[in-house]
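Please keep the sequence and the model in view while working through the points.

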Amino acid sequence: MHKKIQQAQILLDALPYIKQFSKKTIVIKYGGAAQINPELKEKFAQDIVLLYLVGIKPIIVHGGGKKINALLDKLEVKSNFIDGLRVTDDQVMEVVEMVLSGSINKEITTLLNHHGAKAIGITGKDANFIHAKPMDDGKYGRVGDITKIDKKVIKHLIREKFIPVIAPIAAGDDVNHPGYNINADLAASKIAVALQAKKIIFLTDTQGVLDKEGNLISSLDKTKIKALKKDGTISGGMIPKLDACLETIRGGVECAHIIDGRIEHSILLELFTKDGIGTIIKE
């Protein structure tokens with residue numbers, strides 16, 4: 001009986017947060033181990049379905065770099081890199097679209113539907129809802145910067161009770177254009193701003209933002225981020241992720257979260273507990 005009472009208390013502890021976020025849009029950038037490990041994929045799907053069933057409106061934006069790399073290697077398609085970014089020529093773009101909009105996108109939607117949601121997978125080319133232009137005047141080939149998001153497309157899907165699962169591929173201006181490969185963090189950020197989401201959550205393979213001793217920094221703002229960049233605490237791949245967080249907040253989203261997707265039910269722990277488990281970024 002004591003265990004059952006504890007379970008009831010857990011639900012009651014989550015109730016204020018469920019009330020707070022009910023009917024609100026939350027954008028979740030899905031990547032890292034949570035997208036690869038079979039057990040974590042199941043837990044992720046369960047988390048999203050629970051959000052959906054308590055009235056929250058989740059939107060999933062996913063990447064897929066590891067699977068893209070694996071297929072390129074298998075097909076013996078060579079990639080060039082400039083400043084750490086893959087140059088996406090037409091041949092690479094074909095593989096990118098195959099993996100993102102085909103393999104990964106449909107795997108996620110199938111998993112969510114299996115667990116009781118009503119998920120639909122799309123790319124930015126569907127209904128032309130994401131437009132882009134070449135990044136740095138085409139320096140990286142088909143890597144794009146988003147120029148326009150037609151939020152009506154996503155809002156319509158949400159009204160029809162769908163969970164949109166979005167592959168970050170954007171349309172070009174030409175009907176024969178193969179499209180643009182968009183960084184998934186930046187795509188999630190732009191989509192969150194366009195929809196004025198309540199929150200954006202980035203699932204990563206780290207606890208969050210760490211200090212120089214390796215301890216979790218539970219909250220950050222733009223002033224602290226600037227100082228931590230300057231002293232080298234924030235470096236490498238965390239810089240563009242935090243830049244995406246700040247851009248989202250400047251665009252009107254209330255806050256951004258960077259959490260450890262390697263932890264089971266990390267989304268629920270971040271949203272429905274007092275202290276959360278990752279780093280929250282506010283203005």
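1. Rings of Phe, Tyr and Trp (its six-membered ring) pair if their centres lie within 6.5 Å; planes under 30 degrees apart count as stacked, over 60 as edge-to-face and the rest as tilted. By this rule there is 1 aromatic pair. Tyr30 and Phe44 have ring centres 3.7 Å apart and planes at 5°, so the pair is stacked. This pair links distant parts of the chain, 14 residues apart: Tyr30 belongs to strand E1 (residues 25–30) and Phe44 to helix H2 (residues 38–53). Helices (H or I, at least four residues) and strands (E, at least two) are DSSP runs, numbered from the N terminus.

2. This is a predicted model, in which local features need pLDDT of at least 70 and side-chain atom pairs count only at pLDDT 80 or more, while totals for chains, interfaces and linings use all residues. Residues are numbered from 1 along each chain as its sequence is written, and side-chain values use heavy atoms, with hydrogens and water left out.

3. Tyr30 and Phe44 are both buried (under 20% relative accessible area; exposed is over 50%, partly exposed in between, with a 1.4 Å probe and protein chains only). Thr248, in helix H8 (residues 238–250), is also buried, with a relative accessible area of 0%.

4. Where does Lys57 lie? Lys57 is found in strand E2 (residues 57–62) and is partly exposed, with a relative accessible area of 33%.

5. Thr248 and Lys43 are separated by 205 residues in sequence and, C-alpha to C-alpha, by 27 Å in space.
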